[in-house]
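Subject: Structure handover

Hello,

My notes on it follow below.

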Amino acid sequence: MTFPGSEDLVVTRASLDDWAVVAGWAADEGWNPGLSDARSFFAQDPDGFFLGRIGAEPVSAVSVVRYDADYAFLGFYLVRPDLRGRGYGLTTWKTALAHAGGRTVGLDGVVAQQDNYRRSGFELAHRTVRFTGTVPTAPAPSGVRPAEAADLQDIAAYDGACCPADRPRFLARWLDTPGHRAFVRVAEDRLTGYTVVRPALDSPRVGPLFADTAGDARALLLAVAAWTPGGGITVDIPGSNTAGVALADEFGLTPSFETARMYTGPVRPFARERVYGVTTLELG
């Protein structure tokens, strides 16, 4: 029996409808995708999603989402399990990566692929550990409330201080997608943190979780717990944020999955110490 080679692969930009197939592959990998993620992802860069096909059959995918003139993020590097090892992934990768141009590219790489990413010029910034479990319910913390439309400007400014790039198009959709719930913490009329929790295939995913201090992050997680009583959550915490890891331990959350944040070059300075939970492993 013979199989088509990579020269038979056609890589094109994917539509929002196409991406439902890729979300299914991500679910099969145990990545616990959010139920309504794709629309927010496409809002940032609708041209940044690529699908490889043999004939009419989807076989591979990569996203390379451009945030600004200096930064892009790579995710969804997937090949159908029954078709791996035939060069389809690498061909799709090379085609999609050209979309980044001269930008620094970030990614969150699974353990099995990290050596390959290093060979492609990515360098380790930090480990990210996925924690899952149930946060105990407690009285509502002071200063925490559901986010409102009037908060968007302050949230966008806070978010920009915690990320390698501003992302207003993504953020506006992320905050108002049905099923997503955002919370802010305010002290002395100043935002000291915010978070979003969204329904996912398995337990709800928390991200981002950005906060000035561990106390702010703790208060925000307790607000999430009050919104999802008795249910588990998933949060991806940079291993470099020791206060965040300690908070997960305090709540009895269990490490279940590990990736590595990697970059191809420098990124603008941002408040890494405020990142208690990354937004998504797929889009940074």
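Pro136 is partly exposed, because its relative accessibility is 42%, which falls between the 20% limit for buried and the 50% limit for exposed. Please keep in mind that this is a predicted model.

**Two residues to start with**

Pro136 sits in the loop between strand S6 (123–133) and strand S7 (144–146). Leaving aside neighbours within four places in sequence, Pro136 is in contact with Leu222, Ala225 and Phe251. Ala200 is another matter: 64 residues separate it from Pro136 along the chain, and the C-alpha atoms are 20 Å apart.

Thr12 belongs to strand S1. Thr12 also counts as partly exposed, with a relative accessible area of 31%. Its contacts, not counting residues up to four places away in sequence, are Phe49, Phe50, Leu51 and Arg53. Take Leu51: it is 39 residues from Thr12 in sequence, yet the C-alpha to C-alpha distance is 5.7 Å.

**Helix H3**

Which residues of helix H3 are buried? In this helix, residues 88–97, they are Tyr88, Gly89, Thr92, Trp93 and Ala96. Seen down the axis of H3, these residues fall within an arc of 130°, so they line one face of the helix. An α-helix has 3.6 residues a turn, so residues three or four places apart point the same way.

What covers that buried set? The cover includes strands S1 (10–13), S2 (49–54), S3 (57–66), S4 (71–79) and S5 (104–110). Helix H4 (114–119) is also part of the cover.

**Cores**

The largest nonpolar core has 38 residues. Within it, Trp19, Val22 and Tyr194 touch the most other members. Val22 is in contact with Leu51, Ala61, Phe76 and Leu78, leaving aside its neighbours within four places in sequence. There is a second, separate core of 25 residues. Among its members are Phe183, Leu220, Val235 and Phe251. As background, nonpolar side chains tend to be buried together in soluble globular proteins.

The largest pocket has a volume of about 600 Å³. It is lined by 31 residues. Closest to its centre are Tyr77, Leu78, Val110, Gln113 and Tyr117. S4, H3, S5, H4 and strand S12 (254–263) each supply at least two residues of this lining. S4 gives the largest share, 6 residues. By type, the lining of the largest pocket divides into 15 nonpolar, 9 polar and 7 charged residues.

The second largest pocket holds about 290 Å³ of space. Its lining has 18 residues, and those closest to the centre are Gly34, Leu35, Ser36, Asp37 and Ala38. Helix H1 (19–28) and helix H2 (37–44) are the elements that give two or more residues to this lining. The lining of the second largest pocket consists of 12 nonpolar, 3 polar and 3 charged residues.

**Cavities**

How many cavities of 30 Å³ or more does a search of the whole structure find? It finds 3.

The largest cavity contains about 220 Å³ of space. Of its 21 lining residues, Cys162, Cys163, Pro164, Arg261 and Phe270 are the closest to the centre. The elements that give two or more residues here are S4 and S12. The lining of the largest cavity splits into 14 nonpolar, 4 polar and 3 charged residues.

The second largest cavity has a volume of about 40 Å³. Its lining is made up of Leu209, Leu221, Val235, Ile237, Gly244, Leu247, Ala248, Leu253 and Tyr276. Strand S11 (233–238) and helix H8 (242–250) each supply at least two of the lining residues. H8 provides the largest share, 3 residues. By type, the lining of the second largest cavity has 8 nonpolar residues, 1 polar and no charged.

Some names come up more than once. Leu51 touches Thr12, and Leu51 is also in contact with Val22. Leu78 is in contact with Val22, and Leu78 is among the residues closest to the centre of the largest pocket. Val235 belongs to the second core and lines the second largest cavity. Phe251 is in that core too, and is in contact with Pro136.

Best wishes

Notes:
Residues numbered from 1 in each chain as written. Predicted model: local features only at pLDDT ≥ 70, side-chain atom pairs only at ≥ 80, totals over all residues. Heavy atoms only, no water. Buried < 20%, exposed > 50% of the residue type's maximum accessible area, 1.4 Å probe, protein only. Helix = DSSP H or I, 4+ residues; strand = E, 2+ residues; numbered from the N terminus. Arc of directions from axis to C-beta. Contact = heavy atoms within 4.5 Å. Core = buried A, V, L, I, M, F, W, Y, C linked by side-chain atoms within 4.5 Å. 1 Å grid on protein atoms, 1.4 Å probe; cavity = no way out; pocket = protein on both sides within 12 Å on 5 of 7 lines; lining within 4 Å. Points joined across faces, edges and corners; volume = space filled by probe spheres on them. Nonpolar A, V, L, I, M, F, W, Y, C, P; charged D, E, K, R; others polar.
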